[in-house]
Amino acid sequence: MKFRVWVLIGGFVLAGCGLAEKRARSLLEQESYEEAAVAFEQVVAREPENLEAKAGLKQARQGVLAKRLIDVRKLRQGGSPLGAADLLVATLAQAKAWGVR
């Protein structure tokens, strides 16, 4: 009886992990990069050997950085060079923290 309960619990845990990764992938496809990065971080924290989740996390983080660089350009072109500089510095710091080049 106890074995059956553990098998059921294990099945629910595995299903939950699969759902979390599917949600992260869906967010990535929708270009919701910040949310996708958070979702992939949670999957990787639970499954550090999951190479697909790690690749998704890298892609989401690159998307976050790319969008921020676009925002830097918009600020600069919109007449806010100090705002652009601040965002650029923050973006570069984030890239360094994530190990993205």
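Three salt bridges are counted in this predicted model, a salt bridge being a side-chain nitrogen of Lys or Arg within 4 Å of a carboxyl oxygen of Asp or Glu. Because the model is predicted, local features need pLDDT of at least 70 and side-chain atom pairs count only at pLDDT 80 or more, while totals for chains, interfaces and linings use all residues. Residues are numbered from 1 along each chain as its sequence is written, and side-chain values use heavy atoms, with hydrogens and water left out.

Helices here are DSSP runs (H or I, at least four residues), numbered from the N terminus. Within helix 1 (residues 2-29), E21 and R25 sit four residues apart, about one turn of the helix. These two residues form a salt bridge in which the closest N and O atoms are 3.8 Å apart. E21 is buried, at a relative accessible area of 14%, whereas R25 is partly exposed at 28%; buried means under 20% relative accessible area, exposed means over 50%, and partly exposed lies in between (1.4 Å probe, protein chains only).

The next salt bridge joins the side chains of E34 and R68, with an N to O distance of 3.4 Å. This pair links distant parts of the chain, since E34 belongs to helix 2 (residues 33-46) and R68 to helix 3, 34 residues apart. E34 is partly exposed, with 48% relative accessibility.

R61 and E41 also meet through their side chains in a salt bridge, at 3.1 Å from N to O. Here too distant parts of the chain are linked: R61 is in helix 3 and E41 in helix 2, 20 residues apart. R61 is buried, with a relative accessible area of 17%, and E41 is partly exposed at 31%.

Attention now turns to helix 4. This helix covers residues 81-98, 18 residues in total, and reaches 25 Å from its first C-alpha to its last, close to the expected 26 Å; the expected span is 1.5 Å times one less than the number of residues. Its buried residues are A84, T91 and A95. Seen down the axis of helix 4, they fall within an arc of 40 degrees, so they line one face of the helix; the arc is taken from the directions from the helix axis to the C-beta atoms. Helix 3 (51-77) is included in what covers these buried residues, with contact meaning heavy atoms within 4.5 Å. On the face turned away from the buried side are the exposed residues L82, D86, V89, K96 and A97. Helix 4 is followed by G99, whose phi is positive, near 75 degrees.

Methods:
Helices (H or I, at least four residues) and strands (E, at least two) are DSSP runs, numbered from the N terminus.
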